[in-house]
Structures are given as C-alpha cells and as structure tokens.
Amino acid sequence: MGTVEETAAQAMFTPETANMLIVLSLALNLVLLFGFAFLWATRRREEQVTQLENSMQKLSNAVKRLEKRIEEKNPRVVHTLPDMKPFGMGFDENSVEERKAAQAPTVEQESEYAELWEKFVAGYNMLAGSMNVPKQLEACEKFVYDNSLRLLLYGGAMNFLPAIEVSESNYWAWKIPDTKNIYAVVPNPMRPCDKVVYDSGGLKQIFDMDYNGGVFRKYIIERPATFVSTNNWQLQERGRLELEKE
C-alpha cells in the first residue's frame, strides 16, 4: 500500500489531467508562436517603412537636382515671356504712344535691319530645309535656344499668345540687335503650310507668298516679317517667303 503522497500524485496525473496539460502546452506554444510572428512582422514593417522613407528622400533629392539643372539650362523656355501679355492683344488695340513707337522704319533702317538679320535668316533657311531628317525637334530647340527666340502661338484675329514648347509654337520672334523692341518673325518650320494654316494661322496676314492650295513642308525666308513688341505686338512690315513641298 502506497503513501499518501503517492496516492495524491496518482490522483493528479490521471489520463484526463494529462490530456489537459497537453492541450495547455499546445495552446501556450501557439501563443508564443503568434507572438513571435507578430514581433517579426512588426520589425519587418518598421524596416519597410525605413526603406520607403529612404527611397522618398532619394527621390526628393533627385527632383531637386533636376529642378536645379532646368533652372541652369532653361531649355525650351522663352527668355522674355514676362514682357508679353498673358492673353495677347490685337494689333488694333495700341495706344497713341505705341503707335508712334511702331512707325514703319525708313529705307536706311530697313537696310540696316537686313544686314542684321541676314545671318539669322540664313541659319533659319538651313534649318527649315532639314525638317525631313530625324531629330528635327532637337535641332529646332537648339536653334531657338541659341538665338534666344520668343515662341508665339497664333490666337486668331491677329492675336498672339506666348508658347513654352517649341513643338506647339506657330511663330518664332528674333530680337533685332541695337533696336528697341523690334523683332524679325518667321514661321515654325515644323508646321507645314496648308490651307488652314494659310487662311486661319496668320500666314496670309503676315507674309507675302504664292500659295494656291496644297501642302508645303519647306519655308524659304526672303525677308522676315518685322514687329514691334511693347505691351503687345504690332506688324511693321510684312515678310516675304517661298514655299517648297520638299
């Protein structure tokens, strides 16, 4: 016959008690496993958040560097846009002072202008003759940038708006040196002359040319149109150009 302690021990470790202890042990292990998994996932999320923050900081720095490069190079941006009215003005809306400032130049002045714009026109005609080659947009952007040209959109009814992109502009305006706000204006060579452009795009009003219909992809400037730009744009003298299909 066993002792009292042995009898108590046997009572505690009955099959039912043993099964309960096994269940409790498994439950405890599951709790520990979920707890470990939760801590591991939390740590992973913290690492992912840290990586995301680092990536965002790198992206922000890259954007700042890009903005700095754009400010330094000023690509495809008209340098003197602040001088232009944001919504353009018609040629018939000039003040008395502006009309006086926009009087047609004398013969002597026209001769001086021709000498000044001769190199610009030669460069333009060379560019306009190469619009059927690859990278024409890059070539036009370089020409605009090198000559500090203003880019103009034609708004209809002889109104002009400033353009930012070379590809969207209708006309380019070159400041004639040693003059006060007088510009030589030429059409964007990337935009062919067709009936719509001729009738509604300003070409008929700004240039003398022989156009009887069809599509012409090459401009040859004989004389650029001249404009005075103060608070608006006023035509001084019509230009003269020839058209070629290729």
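**View 1. A mixed, open sheet of 3 strands.** The 3 strands follow the order E5-E9-E6 in an open sheet with mixed pairing. Strands E5 (207-208) and E6 (218-223) stand at the edges with a single partner strand each, so one side of each has no neighbour in the sheet. This is a predicted model, in which local features need pLDDT of at least 70, side-chain atom pairs count only at pLDDT 80 or more, and totals for chains, interfaces and linings use all residues. Residues are numbered from 1 along each chain as its sequence is written, and side-chain values use heavy atoms, with hydrogens and water left out. Strands (E, at least two residues) and helices (H or I, at least four) are DSSP runs numbered from the N terminus; two strands pair if DSSP finds at least two bridges between them.

**View 2. Strands E6 and E9.** E6 and strand E9 (residues 239-244) run antiparallel and are joined by 5 bridges. Tyr-219 stands opposite Leu-243 in E9. A salt bridge (a side-chain nitrogen of Lys or Arg within 4 Å of a carboxyl oxygen of Asp or Glu) joins the side chains of Lys-218 and Glu-244 at 3.6 Å, N to O. Lys-218 belongs to strand E6 and Glu-244 to strand E9, so the pair ties together parts 26 residues apart in sequence.

**View 3. An antiparallel, open sheet of 6 strands.** The order is E2-E1-E3-E4-E7-E8. Strand E2 (159-162) and strand E8 (233-237) are the edge strands, each pairing on one side only. Strand E7 (residues 225-229) is joined to E8 by 4 bridges, and Phe-227 stands opposite Leu-235 in E8.

**View 4. The loop residue Thr-179.** Thr-179 lies in the loop between strand E3 (171-175) and strand E4 (182-187). With 15% relative accessibility, Thr-179 counts as buried; buried means under 20% relative accessible area, exposed over 50% and partly exposed in between (1.4 Å probe, protein chains only). The Thr-179 side chain reaches the backbone oxygen of Ile-176 at 2.5 Å.

**View 5. A network of salt bridges linking Lys-195, Asp-199 and Lys-204.** Side chains of opposite charge can pair when their charged atoms come close. Lys-195 and Asp-199 meet in a salt bridge of 3.0 Å, N to O. The two residues, Lys-195 and Asp-199, are 4 residues apart in helix H6 (residues 195-200), about one helical turn. Asp-199 also forms a salt bridge with Lys-204, with the closest N and O atoms 3.7 Å apart. Lys-195 is exposed at 57% relative accessible area, whereas Asp-199 is partly exposed at 28%.

Terms used: A polar contact is a pair of N or O atoms within 3.5 Å; within protein, one must be able to donate a hydrogen and the other to accept it, and residues adjacent in sequence count only if both atoms are side-chain atoms.
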